[in-house]
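Please open the model in a viewer and keep the sequence at hand.

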Amino acid sequence: MENPTGYGRIVREQGEIVRIVEQKDASDAERAIREINTGIMVVPTAKLKEWLATLSNNNAQEEYYLTDIVARAVADRVPVVSAQPAALWETLGVNSKVQLAELERIYQRNLANALLEQGVTLADPARLDVRGSLICGRDVSIDVGCVFEGKVTLEDGASIGAHCVINNAHIGKDANIKPFCHIEDATVGTASVIGPYARLRPGTELAEDVHIGNFVEVKNSRIAAHSKANHLAYVGDASVGSRVNIGAGTITCNYDGANKFRTIIEDDVFIGSDTQLVAPVTIGKGATLGAGTTLTRDAPAGKLTVSRTKQITIDGWQRPIKTKK
């Protein structure tokens, strides 16, 4: 240690450990020793019992020093060896929330350094939290404030935006996770674009080049390649085909208060904005749903299905005026 004050010093003769002297009992020369005892010992049980019985409190503090057993071991010709940690922080104890937080930051910085050495780009190594295992491919980039929990895999070229929380997820090659996304127990396909502010809940499986935009939530659903839900949508308990467009405000009504039901959306479907899909329901290949549709029966393939009330205009109507008090 640079400053060993307060610790017992390891005294050596001709390179061999002969005893440990505590700070208050040490001479000036002994206090200059920088090799210290952490208090961690591995001792033969039978010998330990024997040596403990010989301890005396004839010292500056009138205490019984466990460290005195080192000199007893040397006298009994029992070999005494030391183990040096790779870093000082490995020996530090935790007696307060402050110390716990300090050690956590050291641990996280070591993880960040390992990622940097591997070739991962970290916008700020001090603002990264890995609470499990994080496996990264080549040319991965991670912005500030991201939290990785459980087992997370980021394939080659994946980009993670600021302040994302990713838990037990697989992020595919060249995927772009924009800021403030929450991904849990989900798979994101190659070259997909997620967010910002998107949520992928457990059971989500996205294929290649899927776009999930801002304030879109996906749960227990499979979405095939090149499909997109770019704004303000909820896709739950659904199977979505390829090249599907899910308009803003669209939701799958998958829960009747007691049971969950599945929605099937086949390839090349276009769903207009503010549409409700009341499961169980199937939308056939190439079908189009007009904006504002509430779908309660299957929509046939290749046709336009619209469900909305008739628009009327009331002549002579006056907007209410606030009454003065």
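Is T293 buried or exposed? The model shown here is a predicted one, and in it T293 is buried, because its relative accessible area is 0%, where buried means under 20%.

**First stop: T293**

Select T293 and display the chain around it. T293 is found in the loop between strand 28 (288-289) and strand 29 (294-295).

**Second stop: a surface patch**

**Third stop: the aromatic rings**

A pair of aromatic rings is described by the distance of the centres and the angle of the planes. How many aromatic pairs does the count come to? The count comes to two aromatic pairs.

Begin with F180 and Y197, which form a stacked pair at 4.9 Å centre to centre, with 5 degrees between the planes. This pair links distant parts of the chain, 17 residues apart: F180 is in the loop between strand 10 (176-177) and strand 11 (182-184), whereas Y197 is in the loop between strand 13 (193-194) and strand 14 (199-200). F180 has a relative accessible area of 39% and is therefore partly exposed. Y197 is likewise partly exposed, with a relative accessible area of 41%.

Keep Y197 selected and turn to F215. Y197 and F215 also form a stacked aromatic pair, at 5.2 Å centre to centre and with 10 degrees between the planes. Since Y197 lies in the loop between strand 13 and strand 14, and F215 in the loop between strand 16 (211-214) and strand 17 (217-219), the pair ties together parts that are 18 residues apart in sequence. F215 counts as exposed, because its relative accessibility is 51%, and exposed means over 50%.

Select F180, Y197 and F215 together to view the cluster into which ring pairs link them.

**Last stop: a lysine over a ring**

Finally, select Y255 and K260. K260 lies over the face of Y255, at 5.4 Å from the ring centre.

Definitions and conventions. Residues are numbered from 1 along each chain as its sequence is written. This is a predicted model: local features need pLDDT of at least 70, side-chain atom pairs count only at pLDDT 80 or more; totals for chains, interfaces and linings use all residues. Side-chain values use heavy atoms; hydrogens and water are left out. Rings of Phe, Tyr and Trp (its six-membered ring) pair if their centres lie within 6.5 Å; planes under 30 degrees apart count as stacked, over 60 as edge-to-face and the rest as tilted. Helices (H or I, at least four residues) and strands (E, at least two) are DSSP runs, numbered from the N terminus. Buried means under 20% relative accessible area, exposed over 50%, partly exposed in between (1.4 Å probe, protein chains only). A charge sits over a ring if NZ of Lys or CZ of Arg is within 6 Å of the ring centre and within 35 degrees of the ring normal.
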